Amino acid sequence: MQTWLKVSIGITASLLTIFLIGGYLFYSNLSASLLNYEAEHEEASLQDEVKIYFDSLAIPYIFAENDEDAAFSIGFLHASERMFSMDLTRRAGEGRLSEIFGEETVPFDIMFRTVGIYRTAQMIKEKMNPEALKLLEAYSRGVNFYIEEKRNKYCFEFDVLGYEPEEWRPLHSIIVIRMMAWELNLSWWTDLTFTRLVQKFGEERVKKILPDYPENAPTIIPTEIKSFAIINSNFIETDKAFRRFTGMTGTHIGSNNWVVNSEKSASGKPIIANDPHLAFRAPGIWYAAVIETPNWKAAGVTLPGVPGVVIGKNENISWVLTNIMTDEADFYYETFDSSRTKYLVDGSWKDMEIIEDTILVRDAGTVPIEIKYTHRGPIISNIHPYNFIYNDEQNTYPPISMRWLGNEFSDEMNAFLKINKAKNWNEFKNAVEQFNTPGQNFVYADSEGNIGYLFGGALPKRKENITTFLFDGSKSENDWQGFVSRSKLPYLFNPKENFIATANNKVVRDFEYHITNLWEPSSRIERINELLISKSKYSSKDYMQYQVDIYSSYARKIIPYILSAFENAEVKDKNLNQSLQLLSEWNLEMSKYSQTPSIFLTFFDKLMKNIYLDEMGEDLFNQYVFLANVPYRNIYELLESPYSTWIDNKKTNEIESKNDIIRKSLADALDDLEKKFGKEIKDWQWGKLHTVTFKHPFSGASGILDGLVDIGPFEISGDGTTILNSEYPFSESIKEYPLFRHDPFDCELGPSMRFIYDFAEPEEFFLILTTGQSGNILSDHYSDMTQLWLEGKYMKIKTDEESIQVPQNLLLKLLPN
């Protein structure tokens with residue numbers, strides 16, 4: 001953050017500390033920003049009275065006479081509890097962060113102005129379903145009602161940054177939806193990074209470190225790659241920096257979901273579950289709500305900035321999601337003419353669309369930018385990362401354009417509203433067919449006992465399924481050739497196995513079209529399937545245990561290679577001997593109380609470095625391991641093969657074998673653990689290394705403020721291969737720069753919420769969020785769910801009026817005037 005912001009935050013933190021302890025008046029002024037859960041408000045645009053009940057954890061139960069009043073109410077509640085988060089998201093998508101943060105965020109604004117999310121949102125608004133737009137307009141009125149009601153009494157973040165939120169418009173909700181698509185899109189990473197690897201190491205060697213190359217990427221590495229100028233990583237690094245700045249850290253952007261039908265359910269009805277894996281932050285990403293109108297009865301989690309339930313249930317069906325990991329972006333090496341205003345396609349020069357734009361920068365005037373578009377999309381190669389990291393002042397780079405599915409028209413708002421109201425499989429299926437991005441595995445159940453799966457998303461057709469690398473933009477044959485027909489996309493309905501589960505695993509074998517080669521390691525889905533065939537009947541209590549399961553099927557595959565490497569070795573070191581014994585006797589659970597996960601996972605970290613770092617160098621290594629599923633999958637493949645040149649350390653005179661590298665990696669790991677915790681293995685518990693902190697956007701600006709706005713740290717079990725996904729970054733920390741600084745095993749991503757619903761109890765479901773309903777640090781509901789989440793406990797949310805309209809629940813009324 002800029003110096004002025006650090007000073008401002010530092011002063012504010014000091015004042016908060018002083019006055020929160022001894023200054024009731026100051027606290028009273030700040031607390032005026034809190035939502036009053038027992039109040040009455042009048043608003044002319046409302047058609048009828050709305051009653052909103054709140055339970056002890058501030059879950060709202062919205063009773064409205066029509067859908068527009070319900071949407072207004074959701075907008076009012078979202079703004080009351082999450083206005084700052086909503087404002088950051090819309091500003092990021094618009095490319096306007098620098099107006100409040102200054103020069104530090106200029107690269108992010110350039111990136112999103114170039115990608116064009118704001119322009120895409122404008123296009124979507126013009127084409128979207130009128131009924132969906134009408135609800136966005138009502139939602140916007142609710143947000144703006146809050147903005148007017150709380151003028152000069154907003155949460156403290158606005159005071160620190162010295163600005164007030166602007167009017168909310170339907171366009172901003174569309175931006176929020178597209179920003180979620182951006183967060184869940186990681187295919188931008190592979191094409192550029194894998195191309196850089198080929199340029200450095202050649203086709204044959206890189207094939208050995210592409211995960212599951214023969215099965216998932218049955219493609220020819222384009223021969224043109226070697227003739228392309230050496231590409232830069234500006235776009236990748238700028239987006240990585242943005243994700244850290246906004247808290248979108250972690251790359252296991254996946255989830256677990258599963259459902260059993262009546263045959264495997266102890267209650268005799270389907271039971272469905274979901275835990276979406278997203279970056280941890282404070283406040284958390286979701287806001288729970290129950291919506292009740294004559295035509296709209298939905299409950300579950302909503303996304304602040306948008307009306308409607310994203311994951312949840314209605315009277316007839318329930319739906320849950322995981323990320324497909326679809327390859328939704330392709331990149332093209334373009335050929336410019338000498339004026340750099342035309343590009344070559346099939347031997348002819350085409351005019352680029354050129355847009356002149358200006359970024360306003362706090363305390364620094366303006367930054368003019370030029371955005372160039374081909375027929376595929378924007379030129380993204382001139383998006384600069386931080387100069388202080390790469391010390392690169394050049395202004396001319398090999399021109400690379402990007403086509404991203406998120407810049408195509410699709411109406412996800414309308415799709416989810418139709419899902420919210422769907423009564424059966426056919427209505428649900430028709431609704432999902434309108435959903436394009438980000439690609440999601442939709443798992444379904446209904447009150448009639450049916451269960452199903454739909455591939456939710458648009459799938460581009462590519463030439464001979466060639467993907468993963470940079471394309472030659474001078475040939476139109478490399479363009480997308482339309483989209484795969486929805487009728488050809490995978491689906492399941494009432495399978496004979498009597499259950500369906502997804503965990504970002506490979507959707508289908510030998511599919512005609514390319515989906516992705518970024519599937520997650522199979523460990524989570526293997527464990528889920530093991531559990532779902534381990535007994536004949538399952539209950540909600542079973543599901544609760546499974547969602548926090550910490551058994552690693554991945555470790556089960558790797559441990560034999562470690563033990564085998566030491567079979568004929570003379571082991572004299574006491575800690576090495578004891579570590580090998582612990583590994584051989586391990587129950588394969590990543591428990592925070594156990595020392596064995598510390599040994600195994602520190603070993604795995606050293607193994608990655610010993611295999612890749614000597615040849616890749618730090619920069620390319622950090623890019624390669626950035627998406628954690630790639631090294632997870634490739635390490636196992638390298639260990640399975642008899643020999644690979646990647647195993648050998650090129651910096652030594654010897655040719656190391658696989659066992660040599662394994663032994664060295666374990667020795668390195670023990671040295672590291674001894675330096676951190678001492679010689680006694682009993683002090684090496686995994687929880688001492690592996691902690692989670694839910695970080696506020698201001699985190700890191702002031703140590704005093706961190707204690708007030710961050711939630712944590714807490715010791716946590718699991719890792720990136722367990723059902724309880726608690727991912728930590730593989731990339732190296734860059735200590736000189738706060739945005740790239742982290743401790744080696746800091747947990748950055750995992751279950752953003754947990755949801756369980758048994759159709760045998762139609763008026764209740766189980767849910768827990770990571771933090772709380774409110775984003776206001778002074779609220780009792782800022783972090784009141786965290787301990788429950790850590791302990792694997794749940795709220796039981798009732799949806800019937802009799803249970804909701806009770807004296808202990810608070811009542812807020814919105815009245816027409």
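**Buried helix, cavities and a pocket in a predicted model**

Helix α5 has as its buried residues V106, P107, F108, D109, I110, M111, F112, R113, T114 and V115; a residue is buried at under 20% relative accessible area, exposed at over 50% and partly exposed in between, with a 1.4 Å probe and protein chains only. Because 10 of the 10 residues of α5 (residues 106–115) are buried, this helix is largely enclosed by the rest of the structure. Just after α5, G116 adopts a positive phi of about 90°.

The structure is a predicted model, in which local features need pLDDT of at least 70 and side-chain atom pairs count only at pLDDT 80 or more, while totals for chains, interfaces and linings use all residues. Residues are numbered from 1 along each chain as its sequence is written, and side-chain values use heavy atoms, with hydrogens and water left out.

The protein chain contains 27 helices and 27 strands, taken as DSSP runs numbered from the N terminus (helices H or I of at least four residues, strands E of at least two). Of its 817 residues, 64% count as buried. Among contacts (heavy atoms within 4.5 Å) with a separation of 6 or more, 73% join residues 24 or more positions apart. The accessible surface of the chain, from the Shrake-Rupley method with a 1.4 Å probe, comes to about 29700 Å², and 48% of this area belongs to carbon and sulfur atoms. The structure holds 0 disulfides, a disulfide being a pair of cysteine sulfur atoms within 2.5 Å. C155 is buried, with a relative accessible area of 9%, and C747 is also buried, at 5%.

Volumes are the space filled by probe spheres set on the points, which are joined across faces, edges and corners.

The whole structure has 8 cavities of 30 Å³ or more. The largest cavity has a volume of about 360 Å³. Its lining consists of 27 residues, with M180, W286, V310, L321 and F416 nearest the centre. Two or more lining residues come from each of α9 (170–184), β5 (271–279), β8 (309–314), β9 (317–323) and α15 (412–421). The lining of the largest cavity has 18 nonpolar, 8 polar and 1 charged residues, where Ala, Val, Leu, Ile, Met, Phe, Trp, Tyr, Cys and Pro count as nonpolar, Asp, Glu, Lys and Arg as charged, and the others, Gly among them, as polar.

The second largest cavity has a volume of about 90 Å³. It is lined by 14 residues, of which E81, M83, F84, C155 and G775 are the closest to its centre. Helix α3 (residues 67–94) supplies the largest share of this lining, 7 residues. By class, the lining of the second largest cavity comprises 6 nonpolar, 5 polar and 3 charged residues.

The second largest pocket holds about 820 Å³ of space. N505, K506, V507, S522 and I525 are the closest to its centre among its 34 lining residues. The elements giving two or more residues to this lining are α12 (213–216), β19 (491–493), β20 (499–502), α17 (523–532), α19 (553–565) and α22 (629–640). Helix α22 gives the most, with 5 residues. The lining of the second largest pocket divides into 16 nonpolar, 7 polar and 11 charged residues.

Conventions
On a 1 Å grid over the protein atoms alone, a cavity is a set of points where a 1.4 Å probe fits but cannot get out, and a pocket is an open set with protein on both sides within 12 Å along at least five of seven lines; lining residues have an atom within 4 Å of a point.
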